[in-house]
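Please keep the sequence and the 3D view open while you read this note.

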Amino acid sequence: MIRADKDLAFMLRYENIAWYENGEVRILDRRVYPMETKFVTCKRHEEVAQAIADMVTQSGGPYTAAAMGMALAAYECKDMKEADMLSYLEKAAYTLSHARPTTVSNMIKSVNSCLDAAKIAMAESKNVENAIFEKALSDVNRKYERYEKTGEFLASQFPQNGTVMTQCFGETIIGMMLRACRKHNKNIKFICPETRPYFQGARLTASCICDMGFDVTVITDNMPAYTMGQKKVDVFTSAADVITMDGYVVNKVGTFQIALAANYWGIPYFVTGTPDLAHKTIDTVKIEERDPALVMDALGKKTTMDGVKGFYPAFDITPPKLCNGVVTDKGIFTPYALYDYYKDVAESKIDATFCP
């Protein structure tokens, strides 16, 4: 297998996302990277689920971690009878896929792929643990290959010597977008809002961009609107945790307000991701609310007086009218016709200059 993570930033290489080996899953702790490069080691699949819930890994990382967690679950039940093993793996799949509520539907696809590999291995009397690991590795490689196409389409919207503002950490798409810019000799500057309270924009996105040799500047989360005008931003882009079929973008909280500012300045907003058939309308999405104490501290240091309250919605919702296009591996689509993504590509691709 030719690995699609070649030449990407350190934290985008497979072993540095989540990796199963010898009865353990090792996950890069993105909560502290790049200040520290350390890994969380999980010896049970429940520990992998907890690591996902605790934000040890974020963005696309949980999907790889969950798949590797399935290989670990196979190791845990390797001495069981076939029927008991399958039951055990099904329960593990549920635990891993439900670690975080907002992304359940997509996580189910990831773990079910591993379940299917396990069933085939059982039927062919092959090693289930190895089969799941190989499937997990193959799936993440295919995902990277798919996002390489997405990165090409996204980079095509960046003008030469342009300035691009990002939001949070789009993981794979960040690396592929940069690889496409490098391939086409595009000299792009990037501006990354910090995205508190985990600072993914400052620590993760900016680190990847810097690691791959591009100019990058970090701003705080209350600076995007002013910065867009002052620094002549050309494009705003983000990934998405969910893109509903009626065109709403569910992403890291703060995306909506940056999209509003971009709209004011006449700056196009392109979101990357795959329209989710499990969410026909925005009403089916549950917005995760996390521990409010997290917004009252910064990198482990308390910033508020005792008695002050916090509120921490992890995501917000950007309506389709603020999105100029949904960038996918098949092209760029209007958010008002996302079912076209599942039709013939030649009929469904639109002009990327579309503005609702």
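1. A residue is called buried when its relative accessible area is under 20%, exposed when over 50%, and partly exposed in between, using a 1.4 Å probe and protein chains only. Please bear in mind that this is a predicted model, in which local features need pLDDT of at least 70 and side-chain atom pairs count only at pLDDT 80 or more, while totals for chains, interfaces and linings use all residues. Residues are numbered from 1 along each chain as its sequence is written, and side-chain values use heavy atoms, with hydrogens and water left out.

2. A salt bridge is taken here to be a side-chain nitrogen of Lys or Arg within 4 Å of a carboxyl oxygen of Asp or Glu, and by this rule the count comes to 18 salt bridges. One of them joins the side chains of arginine 3 and aspartate 5, at 2.6 Å from N to O. Aspartate 5 is buried, with a relative accessible area of 4%, whereas arginine 3, at 28%, is partly exposed. Arg3 and Asp5 also belong, together with Glu15, to a network of salt bridges.

3. Helices (H or I, at least four residues) and strands (E, at least two) are DSSP runs, numbered from the N terminus. With these terms in hand, consider the salt bridge between the side chains of glutamate 76 and arginine 44, at 3.8 Å from N to O. Glutamate 76 lies in helix α2 (residues 61-76) and arginine 44 in the loop between β3 (39-42) and α1 (45-53), so the pair ties together parts that are 32 residues apart in sequence. Glutamate 76 counts as buried at 18% relative accessibility, and arginine 44 as partly exposed at 36%.

4. Another salt bridge brings together the side chains of glutamate 148 and arginine 179, at 3.3 Å from N to O. This pair links distant parts of the chain, since glutamate 148 is in helix α5 (residues 128-155) and arginine 179 in helix α6 (residues 172-183), 31 residues apart. Here glutamate 148 is partly exposed, at 30% relative accessibility, while arginine 179 is buried, at 17%.

5. Which way do the residues of strand β10 (residues 269-272) point? Tyr269 and Val271 point one way and Phe270 and Thr272 the other way, and all are buried. Two strands pair if DSSP finds at least two bridges between them. Strand β7 (residues 235-238) runs parallel to β10 and is joined to it by three bridges, with serine 238 opposite valine 271. Three bridges also join β10 to the parallel strand β14 (residues 325-328), where valine 327 stands opposite threonine 272.
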